[in-house]
Amino acid sequence: MNLKNKDIISIYDFSKAELLHILKAAKSMEKDKRKLLDGEIMGSLFFEPSTRTRLSFTSAMEQLGGQILGFATPGVSSAKKGETVWDTIKMVERYSDVIVIRHNIEGAARLAAEASSVPVINAGDGANQHPTQTLLDLYTIKKVKGRLDNLNIGMVGDLKYGRTVHSLAVALSHFNPTFYFIAPDALKMPKKYLDELKEKKIKFYETSDLLKYSKKLDILYVTRIQKERFPDQLEYKKYEGSYKLNTDLLPHIKKDLKIMHPLPRVDEIDKSLDETEHAVYFEQAANGIPIRKALLALILGKIK
Ligand code: CP
């Protein structure tokens, strides 16, 4: 399979075979110490804050022997002077071999890919998609459950604005899941995604009660209420702290339930759960390295 020069913009752009191919490449990257990207440069354009995505891309590139240029905040770029994303990309494509972009506007990564002659990776665009997060989420699920097929997947929190749950629901649809969407009414999974699941005949249930289906779950994917995406902060205040998981949850879950979270967390998972065998969120974040090494090496044509 050849993913050379492929843009990584949306999880919709990937077939099941491609997803599995990337997961396999990531597994091989766990042991591969070769400097496959010696002489390659990654443009790293973060118009929104990030810890994990930006730093794991940086670490992945450095581990592969490549170099990085860019910015961690648009305040130090000419975006501050009014330069458009299009013009920014027309410059950075001349300075780098691959571009990683995070932006608050939905569709910004797609626009960047249209402007760019070098491959573009979406590191999160508004409430839309976060495809590399999804790949590391799939990788984590496969590692901790031993399979991707036929799992009962709970997603809890802000399912309206949380881009990671949108991408993950789409990707997992290839693997015959049953979904349990747990959210306040105002923060439910958007209709667009539910309609797609219906069309694909994927079973799903909706509730605002975390305990209603908790005993059935194999994976519980927890998300933060996305304060920065609420148009009205008074509205945010209504849902702040909607779900706070702690050890009180333990009698209500299966012994082998794994709790995931894309992080950062605010108060939705208490630290008391961190040391339990259920918590895999730090391991999940660490899996960003092999996944991003694999993606960079694949789209720069250094592995197949
Ligand atoms: N999961 C994730 O995207 O984290 P950051 O916002 O810290 O990159």
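1. The protein chain is assigned two domains, domain 1 (11-129 + 288-299) and domain 2 (131-285), with bounds that come from an automatic or database domain assignment. The model is predicted, so local features need pLDDT of at least 70 and side-chain atom pairs count only at pLDDT 80 or more, while totals for chains, interfaces and linings use all residues. Residues are numbered from 1 along each chain as its sequence is written, and side-chain values use heavy atoms, with hydrogens and water left out.

2. Taken over C-alpha atoms, the centres of domain 1 and domain 2 are 25 Å apart. To their contact (heavy atoms within 4.5 Å), domain 1 contributes 31 residues and domain 2 contributes 28 residues.

3. The ligand lies between domain 1 and domain 2, because both give residues to the shell around it. Surrounding the ligand (a heavy atom within 4 Å) are Ser50, Thr51, Arg52, Thr53, Arg102, His130, Gln133, Pro262 and Leu263. This shell comprises two nonpolar, five polar and two charged residues.

4. Polar contacts (pairs of N or O atoms within 3.5 Å) are as follows. An oxygen atom of the ligand lies 2.6 Å from a polar side-chain atom of Ser50. An N or O atom in the side chain of Thr53 is 2.6 Å from an oxygen atom of the ligand. A polar backbone atom of Leu263 is 3.0 Å from a nitrogen atom of the ligand.

5. On its own, the ligand has 260 Å² of accessible area, of which the protein covers 92% (Shrake-Rupley method, 1.4 Å probe).

Conventions
Polar contact = N/O pair within 3.5 Å; in protein donor to acceptor, adjacent residues only side chain to side chain. Nonpolar A, V, L, I, M, F, W, Y, C, P; charged D, E, K, R; others polar.
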